[in-house]
Amino acid sequence: MEFSHILFLGLAALAVVAAFNVILQRNPIYSAIGLIVVLCSLAALFLTLSAQFIAAMQIIVYAGAIMVLFVFVIMLLNVRAEETRIDKQKYLKWLAAPLFLALLAEVMAVVQYVNLTPQPLPSANGAADPQGVLGTVENIANGMFINYLIPFEAASVLILMAIVGSMLLARRERKEDVERIEKALVAQQEEEQKYEEEVAA
Amino acid sequence: MSSLLNSIDFQYVIGALVKIAVFWIFIMLVVAYTVYAERRVLAVIQNRLGPNRVGWQGLLQPFADLLKFIFKEDIIPLAVNKWLYILAPIIVLIPAMMVLIVYPFGPDVPLPFGGAISQTLNDLGARFGMNWNIDLRAISLHVTNMNVGLLYVFAMTSLGIYGIVVGGWASNSKYSLLGGLRSSAQMISYELALSLSVIAVVIQAGTLDLTKIVEQQSGRFGIFNWNVFQWPMFLPCIIAFTIYLISAIAETNRVPFDLPEAETELVAGFHTEYSSLKFALFFMAEYVNMMTVSVLATTLFLGGWNGPWVKDIPWLGPVWFLAKVFFFLFLYIWLRGTLPRFRYDQLMNFGWKVLLPAALFNIVLASAIGVLFL
């Protein structure tokens with residue numbers, strides 16, 4: 001029993017319990033908090049694998065930014081309605097168990113067949129990584145901005161396209177909406193004119 | 001089991017725990033006396049006396065306040081979501097506290113009686129059949145030096161938002177909810193400018209490790225080795241320093257950016273429904289966060305523990321460090337005594353339309369100087 005084993009077992013148990021919490025809770029806020037706990041314990045697991053940068057990014061991007069949006073949306077919507085809602089698709093419940101078993105079998109198969117002896121990880125310059133410097137910021141920056149610059153830039157263009165696309169979809173103007181807004185604007189202007197005339201009178 | 005107790009990891013963890021305990025007590029004392037200093041300094045600014053009855057000049061006031069908080073009735077309103085209501089102050093305080101493991105308090109220092117203490121410990125271990133090899137003659141005044149120290153600080157401060165949002169929501173009161181939403185919106189907006197502003201320093205230092213950033217600022221030119229004055233990066237660093245200071249005040253919800261707890265509009269904001277020790281936890285978290293941003297400002301811009309004679313007397317390092325941190329804490333109190341509160345739309349406009357573009361422009365400037373001169 002080494003110290004890293006204890007750490008791993010504790011963090012992994014926390015992650016699994018919190019993950020179950022995410023799917024078993026009725027209240028979406030509890031689920032969201034469970035997901036935050038999962039993300040944080042995963043970040044800690046990354047740290048034990050000396051992947052410091054990934055760990056920090058996991059917390060900053062997922063736990064710190066994306067989940068805040070989730071929590072916001074859940075809080076501003078009416079949560080009570082979500083809690084008491086009856087499931088419409090009842091057959092999905094029966095499909096869940098076999099799908100879960102299939103996934104579990106798949107994971108078991110992978111664990112069974114994969115080579116479990118730890119391989120020395122290659123660092124950016126191709127050498128082995130005994131000191132655990134693979135996950136440092138310098139190494140990842142080297143990989144991203146020197147070795148794999150073009151794929152990285154291509155991926156960022158792809159993400160930019162996704163952002164622009166979602167903006168376009170969200171802001172597409174429907175005809176009746178435009179008419180409604182124009183009508184409201186005209187009505188408002190008329191009201192203001194009336195008010196001004198009254199004041200002048 | 002004995003192999004576990006013998007392992008180097010175990011000794012490291014015990015050492016880290018001891019250090020964390022010492023630093024934690026120290027930080028709690030600093031927090032307590034910052035509250036006291038705030039009340040006394042505000043009193044001076046407003047031409048009053050302030051608390052001066054408990055102990056000499058009121059120096060025991062923080063402990064009296066703590067006792068009062070503990071013995072007050074702990075009211076949990078009926079309509080609250082009980083679990084989250086109790087959880088929220090904890091979520092606020094724990095990430096705020098977790099940051100202290102990367103505070104670089106000082107250089108490696110010789111521990112008084114370090115040799116004798118380590119000898120005693122080793123003998124004690126030998127008596128129980130352990131083969132410890134503890135050496136306390138020189139200790140480092142930080143718990144750990146992470147490769148991603150700066151990112152770790154930002155990660156932890158971004159987790160603190162949840163406590164405020166959850167606390168505001170779980171209280172089931174409109175003032176609390178509005179305060180919580182305001183606070184999180186404000187923290188998210190200013191976090192952008194805050195994290196973008198420090199990039200100038202990162203370009204200068206070439207590392208995110210806080211201890212290394214401080215070590216790089218120790219040189220023979222004294223104050224001109226500090227990042228704000230260092231040739232050729234001083235211009236972007238001064239801009240970064242200004243942006244950092246402003247957004248740090250907004251990030252900690254302090255005057256003049258204390259919209260989340262604007263008492264004229266929101267009673268007390270997100271902690272309206274909290275009483276007793278739970279309120280005290282929110283209060284403490286706010287002061288620990290103030291401490292964190294002050295420590296970061298000192299470390300990144302003002303040379304951390306560097307100062308005159310540190311090379312000869314290493315124990316002067318933490319003294320200089322704390323002096324600089326206290327300067328920033330004093331600045332906070334000073335601002336609170338002198339400035340009125342912003343309006344909410346002004347706050348948002350300022351964050352998104354002034355600070356963020358300025359921070360982005362500063363990155364371009366810093367990168368240009370970095371490419372040309374470094």
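In which hand, left-handed or right-handed, does α4(B) pass α12(B)?

Modeller: Happy to, and please keep in mind that this is a predicted model. The crossing you ask about is left-handed as α4(B) passes α12(B). To find the pair in your viewer, look for helix α4 at residues 82-98 of chain B and helix α12 at residues 276-301 of chain B. Two packed helices are described by the angle between their axes and the distance between the axes. Here the axes come within 9 Å and cross at roughly 25°. Angles under 35 degrees count as roughly parallel, and α4(B) and α12(B) are therefore roughly parallel to each other.

On the α4(B) side, the contact is made by B:Pro89, B:Val92, B:Leu93, B:Ala96 and B:Met97. Facing them from α12(B) are B:Lys278, B:Leu281, B:Phe282, B:Met284, B:Ala285, B:Val288, B:Asn289 and B:Thr292. By residue type, this contact of α4(B) with α12(B) divides into 10 nonpolar, 2 polar and 1 charged.

Chain B is divided into domain 1 (1-65), domain 2 (72-106 + 144-373) and domain 3 (109-140). The centres of domain 1 and domain 3 of chain B, taken over C-alpha atoms, are 26 Å apart.

Chain B also touches its partner: 22 of its residues are in contact with 17 residues of chain A. On the chain B side, α2 (8-45), α6 (149-170) and α7 (174-197) each supply at least two of the residues that touch chain A. The largest share comes from α6(B), with 10 residues. This side of chain B divides into 17 nonpolar residues, 4 polar and 1 charged.

As for chain A itself, there are 8 helices and 0 strands in it. Of its 201 residues, 14% count as buried. Among the contacts in chain A with a separation of 6 or more, 44% are between residues 24 or more positions apart. A:Val17 counts as partly exposed because it has 13 C-beta neighbours inside 10 Å. The C-alpha atom of A:Val17 is separated by 19 Å from that of A:Ala96, which is 79 residues apart from it along the chain.

Definitions and conventions: Residues numbered from 1 in each chain as written. Chains lettered and ligands numbered in written order. Predicted model: local features only at pLDDT ≥ 70, side-chain atom pairs only at ≥ 80, totals over all residues. Domains from an automatic or database assignment. Axes fitted to C-alpha atoms, helices over the stretch in contact; angles between N-to-C directions. Helix = DSSP H or I, 4+ residues; strand = E, 2+ residues; numbered from the N terminus. Parallel < 35°, antiparallel > 145°, perpendicular 65-115°, else oblique. Left-handed = near helix turned anticlockwise from the far one by under 90°. Contact = placed C-beta atoms within 7 Å. Nonpolar A, V, L, I, M, F, W, Y, C, P; charged D, E, K, R; others polar. Buried ≥ 20, exposed ≤ 12 C-beta atoms within 10 Å, placed from the backbone.
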